[in-house]
Number of protein chains: 6
Amino acid sequence: MILSIVNPNATHAMTESVVQTARMVAAPGTRIDARTNTSGPLSIEGSVDGAMAVPGMLELMRAAEAEGADAHVIACFDDTGLDAARSLLSAPVIGIGEAGARAAGFIARRFTIVTTLSVSVPILEDNLIRYGLAGHATVRASEIPVLELEANPDRTMARLSAEIAAAIAHDRAEAIVLGCAGMTSLATQLSKRHDVPVVDGVAAAITFAEALVALGLRTTAHGLYAPPRGKAEKDGDAALANQNSVSENTVL
Amino acid sequence: MILSIVNPNATHAMTESVVQTARMVAAPGTRIDARTNTSGPLSIEGSVDGAMAVPGMLELMRAAEAEGADAHVIACFDDTGLDAARSLLSAPVIGIGEAGARAAGFIARRFTIVTTLSVSVPILEDNLIRYGLAGHATVRASEIPVLELEANPDRTMARLSAEIAAAIAHDRAEAIVLGCAGMTSLATQLSKRHDVPVVDGVAAAITFAEALVALGLRTTAHGLYAPPRGKAEKDGDAALANQNSVSENTVL
Amino acid sequence: MILSIVNPNATHAMTESVVQTARMVAAPGTRIDARTNTSGPLSIEGSVDGAMAVPGMLELMRAAEAEGADAHVIACFDDTGLDAARSLLSAPVIGIGEAGARAAGFIARRFTIVTTLSVSVPILEDNLIRYGLAGHATVRASEIPVLELEANPDRTMARLSAEIAAAIAHDRAEAIVLGCAGMTSLATQLSKRHDVPVVDGVAAAITFAEALVALGLRTTAHGLYAPPRGKAEKDGDAALANQNSVSENTVL
Amino acid sequence: MILSIVNPNATHAMTESVVQTARMVAAPGTRIDARTNTSGPLSIEGSVDGAMAVPGMLELMRAAEAEGADAHVIACFDDTGLDAARSLLSAPVIGIGEAGARAAGFIARRFTIVTTLSVSVPILEDNLIRYGLAGHATVRASEIPVLELEANPDRTMARLSAEIAAAIAHDRAEAIVLGCAGMTSLATQLSKRHDVPVVDGVAAAITFAEALVALGLRTTAHGLYAPPRGKAEKDGDAALANQNSVSENTVL
Amino acid sequence: MILSIVNPNATHAMTESVVQTARMVAAPGTRIDARTNTSGPLSIEGSVDGAMAVPGMLELMRAAEAEGADAHVIACFDDTGLDAARSLLSAPVIGIGEAGARAAGFIARRFTIVTTLSVSVPILEDNLIRYGLAGHATVRASEIPVLELEANPDRTMARLSAEIAAAIAHDRAEAIVLGCAGMTSLATQLSKRHDVPVVDGVAAAITFAEALVALGLRTTAHGLYAPPRGKAEKDGDAALANQNSVSENTVL
Amino acid sequence: MILSIVNPNATHAMTESVVQTARMVAAPGTRIDARTNTSGPLSIEGSVDGAMAVPGMLELMRAAEAEGADAHVIACFDDTGLDAARSLLSAPVIGIGEAGARAAGFIARRFTIVTTLSVSVPILEDNLIRYGLAGHATVRASEIPVLELEANPDRTMARLSAEIAAAIAHDRAEAIVLGCAGMTSLATQLSKRHDVPVVDGVAAAITFAEALVALGLRTTAHGLYAPPRGKAEKDGDAALANQNSVSENTVL
């Protein structure tokens with residue numbers, strides 16, 4: 001099967017980090033098709049970044065599906081554009097935020113998401129409400145900007161570790177979810193240090209996407225996820241093609 | 001005061017209809033600055049259309065604020081891009097969906113929103129949950145596409161009237177909200193026919209925007225609505241300017 | 001238009017303070033008709049005061065409507081008797097608590113209400129649940145009794161300021177709502193000091209009432225707000241006029 | 001023990017019907033002290049009636065407590081003035097609406113309340129939300145006015161029976177609560193006819209009040225139920241006794 | 001009337017303590033039939049203990065009903081097996097956790113449950129959600145294991161007292177519920193020390209069970225509480241009696 | 001990896017049907033270890049059956065883990081004993097009800113569960129509340145007893161098909177979940193007939209269990225899922241092995 005991963009921001013290094021994680025957890029027969037949304041912002045920090053990233057991301061995902069993708073992963077913890085992607089595409093789509101929270105929900109009753117900046121906290125809280133998990137989860141910000149996560153690994157590790165300790169002490173956290181695609185390499189180390197399951201959303205999304213493909217499930221064509229209707233003069237396809245951004249496509 | 005109204009879709013006729021309503025309800029000292037998002041889809045029907053419309057819409061709104069707008073109205077009942085607009089801008093921003101629901105909430109405990117197509121129903125229901133009004137409202141679709149609302153006024157009137165009658169009979173609706181900017185001219189007539197208050201979201205948004213300006217309130221700069229952070233290589237402004245669409249600007 | 005403001009408590013000084021605020025924010029063509037419920041308690045602190053205030057308040061509001069009021073404002077942050085007033089009257093009715101919370105909701109996702117005494121906290125929390133805003137708001141008490149708010153302005157300012165600082169630090173408050181009609185003159189100063197929007201419920205209620213009149217909306221006559229039915233022997237009017245009958249006591 | 005029952009409306013026949021029920025279910029040692037609020041409306045139909053009834057009702061309840069009442073029952077299914085009564089008094093207070101719903105909750109997961117007029121439906125629904133039972137209950141109106149319940153017993157029986165049948169068929173009702181003090185004599189007969197438990201709120205309130213007295217529990221003096229604070233010039237007591245002052249009207 | 005109390009754990013001393021409380025609060029005509037589930041774990045601490053206790057407990061309760069019990073009390077604060085018991089039996093069944101919370105809800109708006117170990121906290125929180133009381137209650141653990149409650153009364157008193165003080169200071173608790181059948185003798189003393197109502201769930205369950213019997217109410221036979229259907233080969237009765245069969249294991 | 005599947009009821013035919021489904025969807029390297037709880041009831045219909053099944057089921061699961069199981073699936077749509085199993089075991093545990101609902105949630109916003117008998121409807125509704133999916137799902141009963149599902153395949157197919165048609169028409173269902181392990185072979189056929197995704201909970205649980213193993217996640221040892229504490233005289237293990245002791249009965 002071909003698993004399409006799209007990084008909605010324009011930072012190649014993050015895409016590569018995500019691909020490394022994907023390869024470690026994916027089944028032997030899974031091919032990873034990773035794309036970077038070079039027309040988007042360098043990172044997704046807040047709702048403006050998210051809104052700017054979506055049109056280019058949707059274009060990349062449609063191309064991936066046209067080229068045979070069996071499932072899609074949106075590699076941003078905000079699950080940017082998840083509803084639109086499900087409406088546009090037929091193969092199943094999973095966001096890494098949703099996947100991380102769902103995985104935590106299978107092994108713990110209460111968990112804490114540790115994300116980057118506090119501007120993302122209300123976005124993740126809103127998502128948790130929509131996913132029905134708000135009563136089970138707390139969101140904490142490490143206040144490390146996305147693009148600095150890898151610049152100073154020791155500081156990143158120290159800040160995440162401090163938030164995890166606080167989550168266990170104050171939030172009654174029984175598991176931790178790492179709330180950014182850029183934290184994906186730290187899960188194992190943090191789990192050992194704090195003796196608590198640490199979920200990486202990227203890895204969770206890969207395995208759940210494989211599961212949905214194994215189940216033969218496709219996104220429904222009814223309700224919110226119904227495909228866009230054509231319009232008289234200019235249909236949804238045209239609008240998609242009319243965003244002018246060049247995106248980059250790396251099939252691995 | 002200058003009140004900016006942005007139509008997130010590319011259909012000029014809808015912008016003009018909105019401007020007519022705005023002029024009827026606006027205070028004498030209010031100047032209407034209406035803009036049409038010509039880079040967007042012809043109508044907003046579902047989440048793909050919504051996602052495609054937002055970047056161009058934000059660009060228009062930022063231009064309007066730079067040119068002196070004291071408040072902004074997003075003239076799509078889905079409240080497309082409302083959070084991003086509040087984050088990007090400093091003047092208050094009101095969506096016509098939120099305004100219509102809030103106005104109904106001041107005069108009735110239960111109300112029904114009558115919108116266009118059923119694909120919009122879950123979007124409006126999600127918004128109602130976020131606005132805290134889900135327990136008080138029902139959403140019904142008239143199944144008339146946005147662009148056909150004005151093509152056949154008799155059919156539109158008959159369909160809306162049938163849904164309003166059903167809402168009163170089955171939803172215990174005590175008031176009606178018209179759930180599309182394109183229905184804005186029919187409120188008075190429908191209210192008389194069914195002896196029930198009928199709220200037009202466009203008119204409501206205009207008067208609430210005026211109210212917020214009178215109160216001297218600006219959108220908070222904290223939390224979800226904090227302005228986007230600049231980024232090392234390419235900041236949010238650049239991304240906004242990097243969407244290539246030409247938008248049209250009509251100051252009336 | 002004539003805007004009726006009723007102070008449900010018996011303290012004239014509070015009515016006058018409210019009127020001053022109203023005049024500052026009201027549109028040029030708005031006449032303010034202010035009434036003090038001299039049959040009520042000196043302040044509304046808790047549910048007993050609230051219950052005792054309502055019959056006299058309703059009588060004043062009915063008189064105001066008979067004399068031409070186009071809209072009504074209940075100038076108590078508990079929104080005392082709001083449902084009964086909407087049922088009794090045809091012109092729109094707005095409580096200052098509801099108005100303050102709704103105004104904050106247009107410019108912030110999370111806000112904190114700073115009220116007088118802790119006995120009011122659960123009343124305001126219950127109202128927030130009914131308005132659908134409980135998930136977005138925190139209520140704090142300054143522990144200054146209503147009638148002492150103006151007695152020692154420096155202490156009032158210091159206590160409110162301390163609670164606002166705590167709200168920003170601990171509640172993630174992005175905006176503040178002043179939770180008592182008696183605090184109405186302090187909003188601007190507190191907003192500057194803490195660099196956060198501060199909403200005054202009195203001012204918000206005035207402008208929203210003007211908005212509803214501009215929209216031509218009247219309270220629905222259906223459901224909870226249906227006008228009281230006449231009764232065979234003694235109708236609602238009679239009961240309104242008949243608050244000092246002797247009650248009968250049968251110990252069995 | 002002395003159990004005070006107050007009928008918040010002015011209709012003696014309803015008080016007597018309530019007393020008959022009370023005597024059938026009360027323990028041998030319980031003395032019933034029943035009072036009719038002759039200063040209130042003839043029946044409580046909607047929020048205006050409710051608001052008008054409370055001051056007189058509170059006065060009667062305070063007198064009852066002064067004369068030795070160990071517990072209080074408010075004999076109106078709307079639980080009119082329940083919070084204020086709990087704040088004013090020290091002995092436990094139970095409303096017949098709350099009692100009926102709680103009793104049903106002990107023996108069924110879903111139940112339907114059958115009340116008089118549809119104007120009471122949203123009031124009871126709001127109460128159910130506050131009691132945490134909204135997800136378990138449906139409210140139906142028989143559309144028989146309170147004062148006609150006993151006028152035509154056959155019609156009353158037929159209407160209630162039809163609503164109970166509908167509740168079982170459509171609401172998945174597993175138990176029924178009779179939603180008006182005036183229906184108190186019909187519970188047994190309806191239960192037999194429909195083979196489903198039928199709860200009478202009056203009887204439930206009597207037995208729960210006895211239970212609270214047996215437990216030695218008094219209403220808390222903290223939070224919402226804290227007793228009213230005295231005020232400098234005119235305290236809560238004075239206000240209670242002072243319901244016919246002339247109100248002042250200043251048109252500005 | 002005969003009131004059956006079943007202690008789902010195997011510790012006789014706890015049964016005896018419960019019986020002492022029951023006798024103090026029960027009406028003169030109430031006979032107490034107490035049974036100890038000697039097939040169960042020595043205490044119920046967490047969901048495994050709970051699951052292991054239920055089959056034996058149900059067997060005891062069915063025997064009690066066959067021998068004439070008019071109502072049942074499950075003497076474990078987790079309300080272990082409450083739904084199954086209501087389905088199996090016809091007489092009303094009350095858990096001491098539900099009873100304690102309901103009693104507190106009649107006299108306070110917010111209360112705190114002080115239980116034994118933190119493993120029980122999420123169980124009690126889940127129950128509060130189901131009972132509709134989650135928004136009104138906090139659960140705290142004293143971290144005293146069930147079987148040590150009576151071993152060191154001074155330490156027990158000190159720990160409970162510390163949690164009650166914290167509940168009043170931090171949870172805005174207006175009343176306290178003692179969250180374990182083993183704490184039943186301490187309620188009065190703790191109430192005096194902290195000047196706050198303290199509810200003992202055992203006592204509350206006794207009086208509410210008596211109330212339901214006085215009301216003539218039996219558990220509904222519809223919905224979740226419908227009695228188990230007989231099965232072709234082996235019905236529910238057989239399964240109840242058949243807890244030591246060998247299970248079959250097929251490794252494929 | 002070894003995947004343990006336990007059928008909590010005593011019917012071998014259902015276990016075999018589950019194993020067939022498991023083999024079709026499981027990855028090549030997955031070994032299926034299926035066990036039938038012969039000490040349990042023949043089917044799980046309602047809460048009494050569920051309670052009786054759990055002790056034997058837990059014993060089987062503990063044996064499976066001791067023999068090397070890497071993950072566990074509980075093959076009853078009620079997710080019987082899920083919390084207790086997670087507490088007792090260290091490998092991840094998934095119930096087929098939870099898995100089916102989660103899978104549907106990845107591909108649809110609204111779905112309907114079609115189960116066997118109406119007695120299971122409130123159990124599944126309670127589970128959906130706990131999983132945070134209640135707002136997205138409807139539960140319908142086909143009224144076919146578990147053990148008759150395979151007896152008359154045509155009737156089963158017709159009844160399920162009728163409920164699916166009703167779900168699409170009335171519940172706005174965008175996907176269907178088959179709510180019983182015994183329906184596992186019908187998913188594909190029903191999906192084609194109604195042109196809507198049909199999720200089989202058994203298959204979903206298999207693939208999600210494989211995903212959790214691939215992620216290296218184990219159930220947390222904190223909070224609700226903390227392992228049972230040993231007890232002085234008789235620990236949890238002893239209780240597990242000790243289901244046929246004689247219980248003691250003291251009538252006082």
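This report looks at aromatic ring pairs in the structure above.

The model is predicted: local features need pLDDT of at least 70, side-chain atom pairs count only at pLDDT 80 or more, and totals for chains, interfaces and linings use all residues. Residues are numbered from 1 along each chain as its sequence is written, chains are lettered from A in the order in which they are written, and side-chain values use heavy atoms, without hydrogens and water.

Over all chains, the structure holds 15 aromatic pairs. Rings of Phe, Tyr and Trp (its six-membered ring) pair if their centres lie within 6.5 Å; planes under 30 degrees apart count as stacked, over 60 as edge-to-face and the rest as tilted. Two pairs share Phe208(C).

| Pair | Centre to centre | Angle between planes | Type |
|---|---|---|---|
| Phe208(B) and Phe208(C) | 5.4 Å | 70° | edge-to-face |
| Phe106(C) and Phe208(C) | 6.3 Å | 70° | edge-to-face |

The pair of Phe208(B) and Phe208(C) crosses between chains. Each partner sits in helix α8 (residues 201–214) of its own chain. Helices are DSSP runs (H or I, at least four residues), numbered from the N terminus.

The pair of Phe106(C) and Phe208(C) links distant parts of chain C. Phe106(C) lies in helix α4 (residues 96–107), 102 residues apart from Phe208(C) in helix α8.

Phe208(B) has 0%, so it is buried. Phe208(C) is buried at 0%, and Phe106(C) is buried at 0%.

Elsewhere, Phe106(A), Phe208(A), Phe106(F) and Phe208(F) form one aromatic cluster.

Definitions and conventions:
Helix = DSSP H or I, 4+ residues; strand = E, 2+ residues; numbered from the N terminus. Buried < 20%, exposed > 50% of the residue type's maximum accessible area, 1.4 Å probe, protein only.
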